[in-house]
Amino acid sequence: MSDCCSIGEQCRLTSVSLLRLQSWLSPAFPTGSYSYSHSLEWAVEAGYIKDRESLVDWLEADLCHGSVRNEAIFFCEAWCSARDNDSAKLLEIAELAAVFRGTSEFALESSQQGSACRATLRQVWPNRLLDSLSQLLSERKVPPVLAVILGVRSAKEGIPISVALPAFLQSYVANLVTAGVRLIPLGQTDGQLAIAALEEAVLAASAQARNATIDDLGSAAFMVDLASMAHETQYTRLFRS
């Protein structure tokens, strides 16, 4: 069991740290997240997602049992390693996260957002540990992963895991809801209702990840990976994944 909870809760969230976390998770932060649907585009075309309820069901399954659950574990493990200044463990987590992708599109989605996030953080909010990790990953030709980069930077900012992880997952699913609003399509109010309906799942996934380790990685949301594979050859596409 991870010890992130007990020690992490002792961190104090300052006003500046809160502002920075909001900036890093904002749609205005230049990661290019708006261009990815995480396989939703094919699921909509195939009829698996057709309204707000089916969108919420799909995202909840991915959040609690699929690839997003793994992202939560990677975020938490990176946060703990950064808190402890354990560079060796952090590199291990970063390398594992980079290869833990079910499809080529998910790998592209992960590496490009991670690279964009890392580049902006290093220019605007530099940090020595993040710089060191970036150099090691570059030497090994390992692409950065968004969850790991944000986990590291949140820890070094002193943001408690109890705040950083749910905020990261909320931002993650909110971006996918926005994709769903465009694809289904839904109205803006329906989009906000979907985000609200996923709040409990976000909190549950966060709590689960904080009590997990890399030994608990895995996915039971196989349809998400199959949808991603089908999206690679989808004839008309708005999104990159």
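Is N70 buried or exposed in this predicted model? At 4% relative accessibility, N70 counts as buried, where buried means under 20% relative accessible area, exposed over 50% and partly exposed in between (1.4 Å probe, protein chains only). The model is predicted, so that local features need pLDDT of at least 70 and side-chain atom pairs count only at pLDDT 80 or more, while totals for chains, interfaces and linings use all residues. Residues are numbered from 1 along each chain as its sequence is written, and side-chain values use heavy atoms, with hydrogens and water left out.

View 1. Not counting residues up to four places away in sequence, N70 touches F100, L217, G218 and S219, contact being defined as heavy atoms within 4.5 Å.

**View 2. F75 in helix α5.** The residue F75 is buried, with a relative accessible area of 1%. Its contacts, leaving aside neighbours within four places in sequence, are A147, L150, G151, S154, I161, A164, L165 and F168. A separation of 10.0 Å lies between the C-alpha atoms of F75 and S206, which are 131 residues apart along the chain.

**View 3. The largest nonpolar core.** A nonpolar core is a set of buried Ala, Val, Leu, Ile, Met, Phe, Trp, Tyr and Cys residues joined through side-chain atoms within 4.5 Å. The largest one holds 77 residues, of which L40, L121, V148, L150, V152, F168 and L169 touch the most other members. Helix α10 (residues 161-183) supplies the largest share of this core, 13 residues. For V152, the contacts beyond four places in sequence are A78, A82, L90, L129, L130 and L133.

**View 4. The largest pocket.** On a 1 Å grid over the protein atoms alone, a pocket is an open set of points where a 1.4 Å probe fits, with protein on both sides within 12 Å along at least five of seven lines, and lining residues have an atom within 4 Å of a point. Grid points are joined across faces, edges and corners, and the volume is the space filled by probe spheres set on the points. Among the 33 lining residues, S33, Q113, S171, Y172 and N175 are the closest to the centre of the largest pocket. Helix α10 contributes the largest share of the lining, nine residues. The lining divides into 18 nonpolar, twelve polar and three charged residues; Ala, Val, Leu, Ile, Met, Phe, Trp, Tyr, Cys and Pro count as nonpolar, Asp, Glu, Lys and Arg as charged, and the others, Gly among them, as polar.

**View 5. The second largest pocket.** About 180 Å³ of space lies in this pocket. Its lining includes H38, N70, E71, R101, Y172 and D225. By class, the lining residues are three nonpolar, six polar and three charged.

**View 6. Cysteines C64 and C117.** With a disulfide taken as a pair of cysteine sulfur atoms within 2.5 Å, the count comes to zero. For C64, the nearest cysteine sulfur, that of C76, is 16 Å away. For C117, the nearest cysteine sulfur is likewise that of C76, 18 Å away. C64 is buried, with a relative accessible area of 15%, and C117 is buried at 0%.

How values were computed: Helices (H or I, at least four residues) and strands (E, at least two) are DSSP runs, numbered from the N terminus.
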